[in-house]
Amino acid sequence: GALNFNTWFLFVQYACCFGVELTMNNAAALYFREEFGQSTESAAAIASIFGWMNLFARGLGGYMSDKLNEKMGMKGRLLVHTVCLFAEGILVLVFANTPNLAGSIVVLVFFSIFVQAAEGTSYGIVPYVNPPCTGSIAGIVGAGGNTGAVAFGMGFRQLDYKQAFIVMGCTIIASSFLSVFIRIKGHAGLICGQDDLVIGKGTLSVPEPEEIGEEDEA
């Protein structure tokens with residue numbers, strides 16, 4: 001799994017969605033307190049909105065990935081994944097440049113939805129990269145989230161909020177273009193290739209449990 005380039009493209013992209021979620025969990029309350037003069041309690045309550053989107057948005061990303069897969073095959077999964085990441089990056093930049101509290105809260109809601117949805121679309125792709133190595137690939141991609149949180153967290157320590165958000169937003173947008181380079185054997189890419197007719201647009205097959213043969217009974 002670690003020798004597959006697709007694993008590392010997804011690693012970077014997961015750093016730019018789950019890593020962003022972890023970063024926002026730490027930075028959002030401080031941002032609303034310092035930038036908008038909110039009390040600690042109010043800032044924490046506003047920041048918690050980001051986490052509440054987890055109740056449905058991550059599953060929504062996975063659902064959209066499945067639906068696009070039915071219509072377009074792997075190209076559909078890659079397309080919705082790319083759109084979620086790109087929209088997430090744009091919304092970070094909008095959030096950083098929103099001057100009033102009410103507007104920031106509204107943008108935060110949609111920003112969070114796309115962050116969580118991108119996490120769901122990421123794991124809509126992971127099982128197809130190399131099915132026999134799904135466990136190791138899932139572990140590596142998941143670690144990308146923590147890596148992203150550390151990297152973005154360092155940015156917030158070294159830069160002011162607006163600069164840190166701009167760097168984060170531009171990084172996310174750049175990561176969305178990595179989808180162009182994800183090429184999974186037997187499946188179409190984002191802009192070229194075709195799905196293998198044998199594999200088609202279906203889901204992964206699950207191996208049947210081994211049965212005791214007649215020879216063993218004899």
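Over which residues does pLDDT stay under 50? Hello everyone, let's start there. The answer is residues 206–218, and for that stretch the model has one contact beyond four places in sequence, a contact being heavy atoms within 4.5 Å. pLDDT is the predictor's confidence in each residue, from 0 to 100. Where pLDDT is low, the predicted coordinates should not be read in detail.

A word on the ground rules. This is a predicted model, in which local features need pLDDT of at least 70, side-chain atom pairs count only at pLDDT 80 or more, and totals for chains, interfaces and linings use all residues. Residues are numbered from 1 along each chain as its sequence is written, and side-chain values use heavy atoms, with hydrogens and water left out.

Now the overall picture. The chain averages a pLDDT of 89, and 90% of the residues score at least 70. Its secondary structure comes to nine helices and zero strands; these are DSSP runs, numbered from the N terminus, with at least four residues (H or I) for a helix and at least two (E) for a strand. Of the 218 residues, 45% count as buried, that is, under 20% relative accessible area, with exposed over 50% and partly exposed in between (1.4 Å probe, protein chains only).

Let me take you to helix α6, residues 101–129. This helix has 29 residues and reaches 42 Å from its first C-alpha to its last, close to the 42 Å expected at 1.5 Å a residue; the expected span is 1.5 Å times one less than the number of residues.

Phe-50 and Phe-111 form an edge-to-face aromatic pair, 5.4 Å centre to centre with 70° between the planes. Rings of Phe, Tyr and Trp (its six-membered ring) pair if their centres lie within 6.5 Å; planes under 30 degrees apart are stacked, over 60 edge-to-face and the rest tilted. The pair links distant parts of the chain, with Phe-50 in helix α3 (residues 40–52) and Phe-111 in α6, 61 residues apart. Phe-50 counts as buried because its relative accessibility is 1%, and Phe-111 is buried too, at 0%.

Next comes Ser-112, also in α6. Its side chain reaches the backbone oxygen of Phe-50 at 2.7 Å. Ser-112 is buried, with a relative accessible area of 0%. Leaving aside neighbours within four places in sequence, Ser-112 is in contact with Phe-50 and Met-53.

Finally, Phe-50 and Phe-111 belong to a cluster linked by ring pairs, which also includes Tyr-31 and Phe-165.

Note on methods. Polar contact = N/O pair within 3.5 Å; in protein donor to acceptor, adjacent residues only side chain to side chain.
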